[in-house]
Each structure stands twice: as structure tokens, then as C-alpha cells.
Amino acid sequence: MLSEVLLVSAPGKVILHGEHAVVHGKVALAVALNLRTFLRLQPHSNGKVGLNLPNIGIRRAWDVASLQLLDTSFLGHSDGAVLTAEHVEKLKEVAGFPEDCVDPERLAVLAFLYLYLSICRSQRWTEENLELINKWAFQGERVIHGNPSGVDNAVSTWGGALRYQQGKISSLKRPPALKILLINTKVPRSTKALVANVRSRLLKFPEIVAPLLTSIDAISLECERVLGEMAAAPTPEHYLVLEELIDMNQHHLNALGVGHASLDRLCQVTTAHGLHSKLTGAGGGGCGITLLRPDLERPEVEATKRALSGCGFDCWETSIGAPGVSVHTATSLDASVQQGLDSL
């Protein structure tokens with residue numbers, strides 16, 4: 001039973017290279033971002049367990065006694081047991097959601113309920129056990145995404161940079177802390193539909209699309225090699241290579257059909273400022289990343305951010321290779337984070 005406030009955080013993540021190609025057995029490079037999600041667990045004596053997710057407008061509470069009376073045998077008995085569609089339907093009943101609910105906000109509530117009921121039931125929770133954290137996080141991903149790769153939860157658990165291929169995940173040694181811009185075009189898209197479209201294009205034009213996927217794989221491998229060299233002694237030449245790889249991969253992804261006018265605009269704006277960008281993730285809108293060389297002058301970075309904001313995009317300046325899941329004390333938190341938590 002929690003007796004005091006517990007503060008934890010986990011990093012966000014982006015794909016550097018390998019989007020869509022990874023679905024077809026190629027290598028993808030995923031990195032943790034120094035943009036973190038914070039969680040505050042606080043004990044209460046009101047007999048309720050509350051969930052407050054201010055960024056997506058969720059505030060819910062349940063009677064602990066009522067949850068304890070639920071028949072949770074459907075959850076299984078092992079840590080991180082395989083989640084099924086039947087589990088999700090049962091969770092919808094507990095939450096009082098309709099059967100056809102698929103919006104992200106309600107799926108976030110279902111993920112919380114699944115983890116809360118399962119973890120409290122197992123009574124084996126330990127913060128130090130990263131393997132267990134990763135296993136539970138993967139199940140939360142399954143509630144929301146159905147059949148995730150495991151990359152997102154792994155990067156947020158261990159941090160740093162990961163190499164992923166055909167279900168095998170390994171850490172890159174000492175990835176350099178590259179500075180980037182993360183840009184949200186705010187154009188919604190369906191990852192499932194985009195993946196299906198690439199598969200369809202591959203079946204229709206196998207001699208064209210298969211070489212594209214092989215080339216994206218080679219880009220991922222070359223980036224991995226360069227990052228390995230930069231861990232020892234980064235040079236300006238390394239950044240030039242990374243910029244070339246970004247440009248080539250963006251063109252390949254456009255050829256696969258996962259580009260979007262908003263992403264083209266993003267690349268045009270950053271190119272005008274001498275910077276190099278690509279989509280990250282599924283494409284079709286969503287987010288892009290821009291590499292910031294260490295020799296960039298501060299006014300140029302700020303001008304680029306203003307130009308992107310002028311397009312209606314959200315823009316964050318951050319770095320890759322962040323630490324994984326972490327425990328914090330209240331005094332160690334940045335003032336803005338503490339202020340945000342205090343306002344809940």
C-alpha cells in the first residue's frame with residue numbers, strides 16, 4: 001500500500017529511421033526524447049482511486065471497494081499476461097463505455113483500469129524491476145493499439161536508443177545526445193490505414209517498393225554506424241552524413257505514399273533555414289523531426305521555431321537519448337513540472 005507520494009516519469013520517443021520498413025522485417029532505430037510524461041501517485045483516505053489526465057481532459061474516480069468486488073479472473077494470474085479482445089470488452093463494461101468506443105481518451109482510461117486491476121491483484125509491483133515495468137507497459141499499449149511492436153514501451157522503459165528488427169530489441173551503446181526539434185503538424189492520421197496502404201503498394205509494385213524498403217534498411221544501418229562513431233568523438237562531418245540520411249529517408253517515405261502536404265511544408269520551412277527534417281512514425285500528418293547541428297546560432301533556431309509555429313504547428317526543442325523510467329523527489333523536479341503537478 002502506498003504510504004507517501006510517489007513521483008515517476010518516462011520519456012517520449014521518436015523513430016529516427018525505419019518507419020514502415022520495420023513492418024516488413026527491416027531495421028528501425030527508436031530513441032527516447034527528453035520530453036517526459038510525469039505521474040504522481042498520491043494516497044487518499046476517501047475510499048476512491050482517481051485518474052486525472054489533464055492533457056487529454058480525463059478525470060475519473062472509482063470506489064476501491066467496488067473494484068475489489070469485481071470478478072477479475074478474466075485478467076489471468078501471470079504478470080503481463082496476454083491481453084485479448086475479450087479482456088478489453090470486459091474493461092469497457094467496468095468503465096461503463098459503449099462497445100464501439102475507440103477514441104484515444106477512453107482507450108487511455110481502459111489502459112489505466114487494466115493496469116490498476118492487474119497490478120493491484122498481483123501484489124508483486126516493484127519500481128526497480130524494469131522488465132516488469134516494460135511488460136505491463138506493453139499490455140497498456142495493447143489496450144490502445146491492439147498489436148504494437150513493443151518499441152514504444154521499451155524505449156520509454158530503458159531510455160537511450162534502441163535497434164528493433166523482427167521482434168528483437170537491442171540497445172545502442174552510448175548514443176550521442178543529438179538536439180532536435182519535434183514538430184506536431186496536428187494533422188490526424190490512422191497508423192493502421194497507412195501501414196495497409198504501404199503493404200498494398202508493395203503488392204502492386206513489388207519491384208519498385210521492395211528496393212525502397214531495402215534502401216530504408218540501409219539508411220537505418222548507416223545511421224546506427226554513424227551514431228556509434230559519434231559516441232566516441234562527434235565531428236561536423238558526422239552531422240553532414242546524418243542530414244543526408246534524413247533527406248534520403250524522407251524522399252523514400254514519400255515514395256511509399258506516407259507523406260502529407262503538412263510534412264512537405266514542414267520540410268520546406270526548415271530547408272529555408274538550412275536545416276533537415278523528416279516525418280517520424282506513421283506519416284500522413286502527425287509529427288516530424290528536425291536535426292539541430294551544434295554550430296547553429298541561437299537566433300537561427302528561434303527563427304525556425306517561429307516559422308513553424310506560424311504554419312500552425314506545435315514545436316518543441318529537445319534532445320534524444322534521454323534516461324528511461326525514473327523516480328523523482330519533489331525537490332528534484334523542474335519548477336514548471338512541479339507547478340503543473342500542483343495545479344491538478
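## A walk from the surface to the core

Start by selecting D295, which is exposed, with a relative accessible area of 54% (buried is under 20%, exposed over 50%, partly exposed in between, using a 1.4 Å probe and protein chains only). Before moving on, note that you're looking at a predicted model, where local features need pLDDT of at least 70, side-chain atom pairs count only at pLDDT 80 or more, and totals for chains, interfaces and linings use all residues. Residues are numbered from 1 along each chain as its sequence is written, and side-chain values use heavy atoms, leaving out hydrogens and water.

The term means a side-chain nitrogen of Lys or Arg within 4 Å of a carboxyl oxygen of Asp or Glu. The count of salt bridges here is 15.

Next, pick K48 and D63, whose closest N and O atoms are 2.8 Å apart in another salt bridge. K48 sits in strand β3 (48-53) and D63 in strand β4 (58-63), so the pair ties together parts 15 residues apart in sequence. (Helices, H or I with at least four residues, and strands, E with at least two, are DSSP runs numbered from the N terminus.) Both ends are partly exposed: K48 at 40% and D63 at 35%.

Time for the sheet. Show β6, β5, β2, β1 and β11: in that order, these five strands form an open, antiparallel sheet. Strands pair if DSSP finds at least two bridges between them. At the edges you'll find β6 (168-171) and β11 (326-328), each pairing on one side only. Zoom in on β5 (161-165), which pairs with β6 over four bridges; there, Y164 has I169 in β6 as its bridge partner.

What about helix α7? Select R225 and E229, which both lie in α7, four residues apart, about one turn of the helix. Their side chains meet in a salt bridge, 2.6 Å from N to O.

Last stop: the largest nonpolar core, with 25 residues. Such a core is a set of buried Ala, Val, Leu, Ile, Met, Phe, Trp, Tyr and Cys residues joined through side-chain atoms within 4.5 Å. Which residues touch the most other members? Highlight I183, L256 and L308. The largest share of the core, four residues, comes from α7. Finish on I183: leaving aside neighbours within four places in sequence, its contacts (heavy atoms within 4.5 Å) include L266, L308 and F313.
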